[in-house]
Amino acid sequence: MPDSVNMLGPKKIATDVHWVGTAAGEFLRRNVYLRTFRGKGRIFNLLVDPGPPCDLEAVVKNVKSLIGGIDNLHAITVNHQDPDVGANAAALVKMHDGIVVLMTEETWRLAQYYGISRRNFHAVEKLRDLRTLLPTGQKIQFVPTPFCHFRGACMVYDPESRILFSGDLFAGVAAASLEATASSWTGIKAFHQLYMPGNDALRLAVSRIRKLDPAPLAIAPQHGGVISGDLVPQFLEKMENLPVGLDIIASLRDSVPAIISALNDSLTALRDVLGKDRVVKVMRFFHPDGSYPALFTLADDDRVVDIKAEPYAAIEALLRILYRQCPDQHKEALRSRIWNIFLDRNLPPPESALVDVDVIEAEIVEG
Ligand SMILES: [Fe+2]
Ligand SMILES: [Fe+2]
(Lines give C-alpha, C1' and ligand atoms only; values in the text may rest on other atoms or scores of the structure.)
(Ligands and ions follow the chains in the order given, each with its own letter.)
Protein backbone atom coordinates (compact mmCIF):
# COMPACT_ATOMS: atom_id res chain seq x y z
CA MET A 1 0.00 0.00 0.00
CA PRO A 2 1.31 3.53 -0.75
CA ASP A 3 2.39 5.80 2.11
CA SER A 4 0.91 8.98 0.77
CA VAL A 5 -0.71 9.85 -2.48
CA ASN A 6 -0.48 12.93 -4.65
CA MET A 7 -3.49 11.62 -6.55
CA LEU A 8 -2.17 12.24 -10.02
CA GLY A 9 -2.10 9.26 -12.33
CA PRO A 10 -2.77 5.63 -11.39
CA LYS A 11 -1.65 4.44 -7.95
CA LYS A 12 -0.67 0.86 -7.23
CA ILE A 13 -2.40 -0.48 -4.13
CA ALA A 14 -1.31 -4.12 -4.53
CA THR A 15 0.15 -6.35 -7.23
CA ASP A 16 -2.01 -5.84 -10.35
CA VAL A 17 -4.48 -3.64 -8.43
CA HIS A 18 -4.47 0.09 -9.19
CA TRP A 19 -6.47 3.10 -8.14
CA VAL A 20 -7.37 4.93 -11.38
CA GLY A 21 -9.57 7.77 -10.09
CA THR A 22 -9.02 11.49 -9.75
CA ALA A 23 -8.36 13.78 -6.80
CA ALA A 24 -11.06 16.21 -7.95
CA GLY A 25 -13.87 16.59 -5.41
CA GLU A 26 -11.56 15.79 -2.52
CA PHE A 27 -14.22 15.77 0.23
CA LEU A 28 -16.04 12.83 -1.34
CA ARG A 29 -13.36 11.50 -3.66
CA ARG A 30 -14.47 8.66 -5.95
CA ASN A 31 -12.23 5.62 -5.94
CA VAL A 32 -12.10 3.70 -9.21
CA TYR A 33 -10.03 0.50 -9.23
CA LEU A 34 -8.48 -1.49 -12.06
CA ARG A 35 -7.69 -5.14 -11.35
CA THR A 36 -5.60 -7.09 -13.84
CA PHE A 37 -5.83 -10.89 -13.63
CA ARG A 38 -3.14 -13.03 -15.29
CA GLY A 39 -3.12 -16.76 -16.00
CA LYS A 40 -3.36 -19.45 -18.65
CA GLY A 41 -1.37 -17.15 -20.92
CA ARG A 42 -4.14 -14.56 -20.83
CA ILE A 43 -4.96 -11.23 -19.23
CA PHE A 44 -8.34 -10.11 -17.88
CA ASN A 45 -8.87 -6.46 -16.93
CA LEU A 46 -11.69 -5.56 -14.55
CA LEU A 47 -12.72 -1.99 -13.69
CA VAL A 48 -14.52 -1.61 -10.35
CA ASP A 49 -17.09 1.22 -9.99
CA PRO A 50 -16.08 3.41 -12.98
CA GLY A 51 -17.29 6.67 -11.42
CA PRO A 52 -19.24 9.73 -12.61
CA PRO A 53 -18.90 11.60 -15.94
CA CYS A 54 -16.77 14.38 -14.37
CA ASP A 55 -14.10 11.72 -13.65
CA LEU A 56 -14.30 10.00 -17.05
CA GLU A 57 -11.37 11.77 -18.69
CA ALA A 58 -9.02 10.99 -15.78
CA VAL A 59 -10.24 7.40 -15.49
CA VAL A 60 -9.78 6.74 -19.23
CA LYS A 61 -6.33 8.32 -19.17
CA ASN A 62 -5.26 6.26 -16.14
CA VAL A 63 -6.67 3.01 -17.55
CA LYS A 64 -4.98 3.60 -20.92
CA SER A 65 -1.65 4.26 -19.23
CA LEU A 66 -1.87 0.86 -17.53
CA ILE A 67 -3.40 -1.44 -20.15
CA GLY A 68 -2.92 0.45 -23.40
CA GLY A 69 -6.54 1.18 -24.28
CA ILE A 70 -10.20 0.76 -23.36
CA ASP A 71 -10.27 -2.06 -25.95
CA ASN A 72 -8.28 -4.09 -23.44
CA LEU A 73 -10.91 -3.68 -20.74
CA HIS A 74 -12.98 -6.86 -20.32
CA ALA A 75 -15.44 -6.16 -17.53
CA ILE A 76 -16.87 -3.49 -15.26
CA THR A 77 -18.61 -4.04 -11.93
CA VAL A 78 -21.12 -1.55 -10.53
CA ASN A 79 -21.88 -1.75 -6.79
CA HIS A 80 -25.18 0.17 -7.03
CA GLN A 81 -26.83 2.66 -9.33
CA ASP A 82 -25.70 5.98 -7.84
CA PRO A 83 -24.15 8.24 -10.49
CA ASP A 84 -20.88 8.61 -8.58
CA VAL A 85 -20.48 4.81 -8.69
CA GLY A 86 -21.38 3.64 -12.15
CA ALA A 87 -22.54 6.29 -14.64
CA ASN A 88 -19.28 5.98 -16.61
CA ALA A 89 -20.13 2.37 -17.50
CA ALA A 90 -22.36 3.75 -20.29
CA ALA A 91 -19.57 5.83 -21.88
CA LEU A 92 -16.99 3.05 -21.57
CA VAL A 93 -19.27 0.49 -23.21
CA LYS A 94 -19.78 2.94 -26.08
CA MET A 95 -15.98 3.15 -26.46
CA HIS A 96 -15.66 -0.66 -26.48
CA ASP A 97 -18.70 -2.84 -27.08
CA GLY A 98 -16.96 -5.98 -25.79
CA ILE A 99 -17.08 -4.91 -22.12
CA VAL A 100 -19.33 -6.98 -19.84
CA VAL A 101 -21.01 -4.92 -17.09
CA LEU A 102 -21.80 -6.91 -13.96
CA MET A 103 -24.29 -5.75 -11.32
CA THR A 104 -27.41 -7.01 -9.55
CA GLU A 105 -30.82 -6.99 -11.25
CA GLU A 106 -31.96 -4.39 -8.70
CA THR A 107 -29.10 -2.10 -9.65
CA TRP A 108 -29.62 -2.68 -13.37
CA ARG A 109 -33.28 -1.66 -13.10
CA LEU A 110 -32.06 1.91 -12.47
CA ALA A 111 -28.50 1.93 -13.87
CA GLN A 112 -29.82 1.04 -17.36
CA TYR A 113 -31.03 4.64 -17.65
CA TYR A 114 -27.43 5.84 -17.93
CA GLY A 115 -27.66 4.33 -21.40
CA ILE A 116 -25.83 1.04 -20.83
CA SER A 117 -26.83 -1.40 -23.53
CA ARG A 118 -28.64 -4.54 -22.26
CA ARG A 119 -26.32 -6.62 -24.46
CA ASN A 120 -23.42 -5.67 -22.20
CA PHE A 121 -25.25 -6.32 -18.92
CA HIS A 122 -24.76 -9.55 -17.00
CA ALA A 123 -26.78 -10.13 -13.82
CA VAL A 124 -24.77 -11.19 -10.79
CA GLU A 125 -27.71 -13.38 -9.67
CA LYS A 126 -27.21 -15.61 -12.70
CA LEU A 127 -23.74 -16.65 -11.54
CA ARG A 128 -23.53 -20.00 -9.75
CA ASP A 129 -22.84 -19.30 -6.03
CA LEU A 130 -22.43 -15.63 -7.02
CA ARG A 131 -18.95 -16.47 -8.34
CA THR A 132 -17.55 -16.22 -11.82
CA LEU A 133 -14.62 -18.09 -13.25
CA LEU A 134 -12.39 -15.80 -15.28
CA PRO A 135 -10.60 -16.94 -18.48
CA THR A 136 -7.36 -16.44 -16.54
CA GLY A 137 -8.38 -19.14 -14.03
CA GLN A 138 -9.22 -17.00 -10.98
CA LYS A 139 -12.67 -16.61 -9.49
CA ILE A 140 -14.27 -13.42 -8.30
CA GLN A 141 -17.03 -13.51 -5.74
CA PHE A 142 -20.02 -11.17 -5.44
CA VAL A 143 -21.29 -10.36 -1.95
CA PRO A 144 -24.70 -8.64 -1.73
CA THR A 145 -25.03 -6.02 1.02
CA PRO A 146 -28.76 -5.23 1.04
CA PHE A 147 -29.58 -1.65 2.09
CA CYS A 148 -25.91 -0.64 2.36
CA HIS A 149 -27.07 1.78 1.21
CA PHE A 150 -29.20 0.50 -1.71
CA ARG A 151 -31.22 -2.72 -1.51
CA GLY A 152 -29.38 -4.15 -4.55
CA ALA A 153 -25.86 -3.09 -3.50
CA CYS A 154 -23.23 -5.78 -4.08
CA MET A 155 -19.54 -5.94 -3.17
CA VAL A 156 -16.83 -7.66 -5.21
CA TYR A 157 -14.31 -9.95 -3.52
CA ASP A 158 -11.08 -10.91 -5.21
CA PRO A 159 -9.76 -13.97 -3.31
CA GLU A 160 -6.38 -13.82 -5.08
CA SER A 161 -5.40 -10.31 -3.95
CA ARG A 162 -7.69 -10.72 -0.93
CA ILE A 163 -9.07 -7.23 -1.55
CA LEU A 164 -12.77 -6.61 -0.96
CA PHE A 165 -14.19 -3.84 -3.17
CA SER A 166 -16.95 -2.65 -0.88
CA GLY A 167 -18.68 0.27 -2.67
CA ASP A 168 -20.20 2.79 -0.25
CA LEU A 169 -19.80 0.38 2.67
CA PHE A 170 -16.67 1.50 4.60
CA ALA A 171 -16.57 4.65 2.47
CA GLY A 172 -15.37 7.80 4.21
CA VAL A 173 -15.39 11.54 3.67
CA ALA A 174 -12.43 13.91 3.79
CA ALA A 175 -9.77 11.20 3.43
CA ALA A 176 -6.27 12.68 3.44
CA SER A 177 -4.73 9.85 1.44
CA LEU A 178 -5.51 6.60 -0.31
CA GLU A 179 -4.44 4.59 2.71
CA ALA A 180 -6.80 4.62 5.70
CA THR A 181 -5.38 5.18 9.16
CA ALA A 182 -7.00 4.82 12.58
CA SER A 183 -8.13 8.45 12.36
CA SER A 184 -10.03 7.70 9.11
CA TRP A 185 -12.83 6.27 11.25
CA THR A 186 -14.20 9.80 11.85
CA GLY A 187 -14.87 10.30 8.13
CA ILE A 188 -16.22 6.74 7.75
CA LYS A 189 -18.55 7.19 10.69
CA ALA A 190 -19.84 10.52 9.35
CA PHE A 191 -20.52 9.00 5.91
CA HIS A 192 -22.39 5.98 7.32
CA GLN A 193 -24.43 7.99 9.81
CA LEU A 194 -25.74 10.06 6.93
CA TYR A 195 -26.13 7.50 4.15
CA MET A 196 -26.78 4.09 5.73
CA PRO A 197 -30.37 3.34 6.74
CA GLY A 198 -29.86 1.36 9.94
CA ASN A 199 -27.46 -0.72 11.99
CA ASP A 200 -29.23 -4.00 11.06
CA ALA A 201 -28.11 -3.53 7.45
CA LEU A 202 -24.52 -2.93 8.58
CA ARG A 203 -24.55 -6.02 10.83
CA LEU A 204 -25.73 -8.25 7.99
CA ALA A 205 -22.99 -6.88 5.72
CA VAL A 206 -20.28 -7.30 8.38
CA SER A 207 -21.38 -10.90 9.05
CA ARG A 208 -21.02 -11.64 5.34
CA ILE A 209 -17.54 -10.11 5.27
CA ARG A 210 -16.53 -12.25 8.27
CA LYS A 211 -17.57 -15.39 6.37
CA LEU A 212 -15.27 -14.68 3.42
CA ASP A 213 -12.62 -17.33 2.95
CA PRO A 214 -9.79 -16.46 2.74
CA ALA A 215 -10.44 -13.43 4.96
CA PRO A 216 -9.85 -10.11 3.19
CA LEU A 217 -6.52 -8.39 3.80
CA ALA A 218 -7.90 -5.05 2.62
CA ILE A 219 -11.21 -3.29 2.07
CA ALA A 220 -11.22 -0.89 -0.87
CA PRO A 221 -14.28 1.39 -0.68
CA GLN A 222 -15.64 3.74 -3.33
CA HIS A 223 -14.78 6.84 -1.23
CA GLY A 224 -12.02 7.46 1.29
CA GLY A 225 -8.99 5.33 2.14
CA VAL A 226 -8.16 1.67 1.54
CA ILE A 227 -8.42 -0.16 4.88
CA SER A 228 -5.75 -2.78 5.54
CA GLY A 229 -3.88 -4.70 8.24
CA ASP A 230 -5.23 -4.55 11.79
CA LEU A 231 -7.68 -1.83 10.78
CA VAL A 232 -9.79 -4.42 8.93
CA PRO A 233 -10.95 -6.31 12.08
CA GLN A 234 -11.01 -3.06 14.09
CA PHE A 235 -13.25 -1.22 11.64
CA LEU A 236 -15.47 -4.30 11.16
CA GLU A 237 -16.16 -4.29 14.88
CA LYS A 238 -16.80 -0.54 14.99
CA MET A 239 -19.13 -0.79 12.01
CA GLU A 240 -21.07 -3.60 13.64
CA ASN A 241 -21.87 -1.35 16.59
CA LEU A 242 -22.43 1.94 14.79
CA PRO A 243 -25.89 3.53 15.06
CA VAL A 244 -26.82 5.14 11.73
CA GLY A 245 -29.77 6.59 9.85
CA LEU A 246 -33.06 5.53 11.42
CA ASP A 247 -31.29 4.30 14.59
CA ILE A 248 -30.26 7.88 15.23
CA ILE A 249 -33.65 9.35 14.40
CA ALA A 250 -35.41 6.81 16.66
CA SER A 251 -33.02 7.48 19.52
CA LEU A 252 -33.46 11.25 19.35
CA ARG A 253 -36.43 11.04 21.68
CA ASP A 254 -34.00 10.17 24.46
CA SER A 255 -31.30 12.51 23.27
CA VAL A 256 -32.50 15.95 24.28
CA PRO A 257 -29.58 16.49 26.73
CA ALA A 258 -27.08 15.55 23.98
CA ILE A 259 -28.87 17.83 21.50
CA ILE A 260 -28.75 20.76 23.95
CA SER A 261 -25.07 20.11 24.59
CA ALA A 262 -24.39 20.04 20.81
CA LEU A 263 -26.34 23.28 20.41
CA ASN A 264 -24.31 25.00 23.13
CA ASP A 265 -21.03 23.88 21.54
CA SER A 266 -22.32 25.10 18.15
CA LEU A 267 -23.14 28.47 19.70
CA THR A 268 -19.57 28.64 21.03
CA ALA A 269 -18.32 27.99 17.48
CA LEU A 270 -20.58 30.75 16.18
CA ARG A 271 -19.42 33.16 18.92
CA ASP A 272 -15.83 32.58 17.76
CA VAL A 273 -16.80 33.90 14.33
CA LEU A 274 -19.55 36.44 15.04
CA GLY A 275 -18.52 37.68 18.47
CA LYS A 276 -20.38 37.21 21.73
CA ASP A 277 -22.64 40.28 21.47
CA ARG A 278 -24.08 39.36 18.10
CA VAL A 279 -24.93 35.81 19.20
CA VAL A 280 -26.48 37.07 22.45
CA LYS A 281 -28.60 39.53 20.48
CA VAL A 282 -30.01 36.74 18.30
CA MET A 283 -30.51 34.45 21.31
CA ARG A 284 -32.49 37.15 23.08
CA PHE A 285 -34.71 37.33 20.02
CA PHE A 286 -35.67 33.73 20.76
CA HIS A 287 -36.17 34.45 24.47
CA PRO A 288 -39.73 34.85 25.72
CA ASP A 289 -40.85 38.41 25.21
CA GLY A 290 -44.18 37.70 23.54
CA SER A 291 -42.94 38.58 20.05
CA TYR A 292 -41.57 35.17 19.13
CA PRO A 293 -42.24 31.63 20.34
CA ALA A 294 -40.20 30.84 23.44
CA LEU A 295 -38.20 28.07 21.85
CA PHE A 296 -35.25 28.08 24.23
CA THR A 297 -34.82 28.45 27.95
CA LEU A 298 -31.59 30.30 28.69
CA ALA A 299 -29.50 30.30 31.84
CA ASP A 300 -28.00 33.56 33.15
CA ASP A 301 -24.82 32.91 31.17
CA ASP A 302 -26.92 32.58 27.97
CA ARG A 303 -26.36 28.85 27.71
CA VAL A 304 -29.38 26.92 26.49
CA VAL A 305 -30.79 24.69 29.26
CA ASP A 306 -34.02 23.54 27.61
CA ILE A 307 -35.70 23.43 24.21
CA LYS A 308 -39.45 23.78 24.23
CA ALA A 309 -40.32 22.92 20.63
CA GLU A 310 -39.33 19.95 18.46
CA PRO A 311 -35.57 20.14 19.09
CA TYR A 312 -34.31 20.02 15.52
CA ALA A 313 -36.86 22.50 14.17
CA ALA A 314 -35.89 24.93 16.92
CA ILE A 315 -32.14 24.43 16.48
CA GLU A 316 -32.33 24.81 12.73
CA ALA A 317 -34.32 28.05 13.07
CA LEU A 318 -31.69 29.49 15.42
CA LEU A 319 -28.59 28.25 13.61
CA ARG A 320 -29.97 29.35 10.25
CA ILE A 321 -30.19 32.98 11.39
CA LEU A 322 -26.72 32.94 12.93
CA TYR A 323 -25.08 31.09 10.03
CA ARG A 324 -26.45 33.56 7.49
CA GLN A 325 -24.73 36.38 9.36
CA CYS A 326 -21.29 34.74 9.17
CA PRO A 327 -18.77 36.09 6.66
CA ASP A 328 -18.48 33.82 3.62
CA GLN A 329 -14.83 32.95 4.25
CA HIS A 330 -15.75 31.33 7.59
CA LYS A 331 -18.79 29.38 6.46
CA GLU A 332 -17.09 26.22 5.15
CA ALA A 333 -14.99 25.72 8.30
CA LEU A 334 -17.90 26.58 10.56
CA ARG A 335 -20.20 24.14 8.79
CA SER A 336 -17.77 21.23 9.21
CA ARG A 337 -17.12 22.22 12.86
CA ILE A 338 -20.85 22.17 13.65
CA TRP A 339 -21.32 18.92 11.69
CA ASN A 340 -18.64 17.26 13.79
CA ILE A 341 -20.13 18.60 17.04
CA PHE A 342 -23.36 16.77 16.23
CA LEU A 343 -21.83 13.65 14.66
CA ASP A 344 -19.50 13.16 17.65
CA ARG A 345 -22.63 12.73 19.75
CA ASN A 346 -24.22 10.36 17.21
CA LEU A 347 -26.71 13.09 16.29
CA PRO A 348 -27.63 14.07 12.72
CA PRO A 349 -26.19 17.46 11.80
CA PRO A 350 -28.68 20.34 11.36
CA GLU A 351 -28.05 20.29 7.63
CA SER A 352 -30.72 22.62 6.31
CA ALA A 353 -29.59 25.40 8.66
CA LEU A 354 -26.06 25.35 7.28
CA VAL A 355 -26.82 26.17 3.68
CA ASP A 356 -26.01 29.43 1.96
CA VAL A 357 -29.44 30.87 1.27
CA ASP A 358 -28.17 33.18 -1.49
CA VAL A 359 -26.90 30.15 -3.42
CA ILE A 360 -30.23 28.34 -3.17
CA GLU A 361 -32.17 31.38 -4.31
CA ALA A 362 -29.82 31.90 -7.23
CA GLU A 363 -30.20 28.25 -8.27
CA ILE A 364 -33.98 28.47 -8.12
CA VAL A 365 -33.97 31.61 -10.27
CA GLU A 366 -31.57 30.06 -12.79
CA GLY A 367 -33.03 26.59 -12.76
FE1 LIG B 1 -24.18 5.52 -3.08
FE1 LIG C 1 -20.78 6.56 -3.40
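# Questions about a predicted model

Guide: This model is predicted. Thr132 has its place in strand β8, residues 131-133.

Visitor: Why is Thr132 called buried?

Guide: Its relative accessible area is 17%. Buried means under 20%, so Thr132 counts as buried.

Visitor: Which residues is Thr132 in contact with, leaving aside its neighbours within four places in sequence?

Guide: Thr132 is in contact with Leu127, Gln138, Lys139, Ile140 and Phe142. Contact here means heavy atoms within 4.5 Å.

Visitor: What makes Val256 partly exposed?

Guide: Val256 has a relative accessible area of 27%. Val256 lies in helix α9, residues 256-274.

Visitor: How far apart are Val256 and Leu102?

Guide: In sequence, 154 residues separate Val256 and Leu102, and in space the distance is 46 Å, C-alpha to C-alpha.

Visitor: Is Asp16 buried or exposed, and what makes it so?

Guide: Asp16 has 17% relative accessibility. The cut-off for buried is under 20%, so Asp16 counts as buried.

Visitor: Why is Asp49 called buried?

Guide: Asp49 has a relative accessible area of 4%. Under 20% means buried, so Asp49 is buried.

Visitor: Which peptide bond that involves His149 is cis?

Guide: The bond that joins Cys148 and His149 is cis, with omega about -10°. His149 is found in the loop between β9 (139-144) and β10 (154-158).

Visitor: What is omega for the peptide bond from Asp213 to Pro214?

Guide: Omega is near 0° there, and the bond from Asp213 to Pro214 is cis. Pro214 has its place in the loop between α6 (199-210) and β12 (218-221).

Visitor: How is the protein chain divided?

Guide: The protein chain has domain 1 (11-249) and domain 2 (255-366). The centres of domain 1 and domain 2, taken over C-alpha atoms, are separated by 37 Å.

Visitor: How do you know that domain 1 and domain 2 are in contact?

Guide: Six residues of domain 1 are in contact with eight residues of domain 2. About 620 Å² of area is buried between domain 1 and domain 2, and carbon and sulfur atoms give 66% of that area. Of the area that domain 1 buries against domain 2, Gln193, Leu194 and Ile248 supply 59%, more than any other three residues.

Visitor: How many salt bridges and polar contacts are found between domain 1 and domain 2?

Guide: Across the interface of domain 1 and domain 2, zero salt bridges are found by the rule. One residue pair is in polar contact between domain 1 and domain 2, both residues at pLDDT 80 or more.

Visitor: Which helix gives the largest share of the side of domain 1 that touches domain 2?

Guide: Helix α5, residues 185-195, gives the largest share, with four residues. The residues of that side of domain 1 divide into four nonpolar, one polar and one charged.

How values were computed. Residues are numbered from 1 along each chain as its sequence is written. Chains are lettered from A and ligands numbered from 1 in the order in which they are written. This is a predicted model: local features need pLDDT of at least 70, side-chain atom pairs count only at pLDDT 80 or more; totals for chains, interfaces and linings use all residues. Side-chain values use heavy atoms; hydrogens and water are left out. Domain bounds come from an automatic or database domain assignment. Buried area is the accessible area (1.4 Å probe) that two parts lose on being put together, summed over both. A salt bridge is a side-chain nitrogen of Lys or Arg within 4 Å of a carboxyl oxygen of Asp or Glu. A polar contact is a pair of N or O atoms within 3.5 Å; within protein, one must be able to donate a hydrogen and the other to accept it, and residues adjacent in sequence count only if both atoms are side-chain atoms. Helices (H or I, at least four residues) and strands (E, at least two) are DSSP runs, numbered from the N terminus. Ala, Val, Leu, Ile, Met, Phe, Trp, Tyr, Cys and Pro count as nonpolar, Asp, Glu, Lys and Arg as charged, and the others, Gly among them, as polar. Buried means under 20% relative accessible area, exposed over 50%, partly exposed in between (1.4 Å probe, protein chains only).
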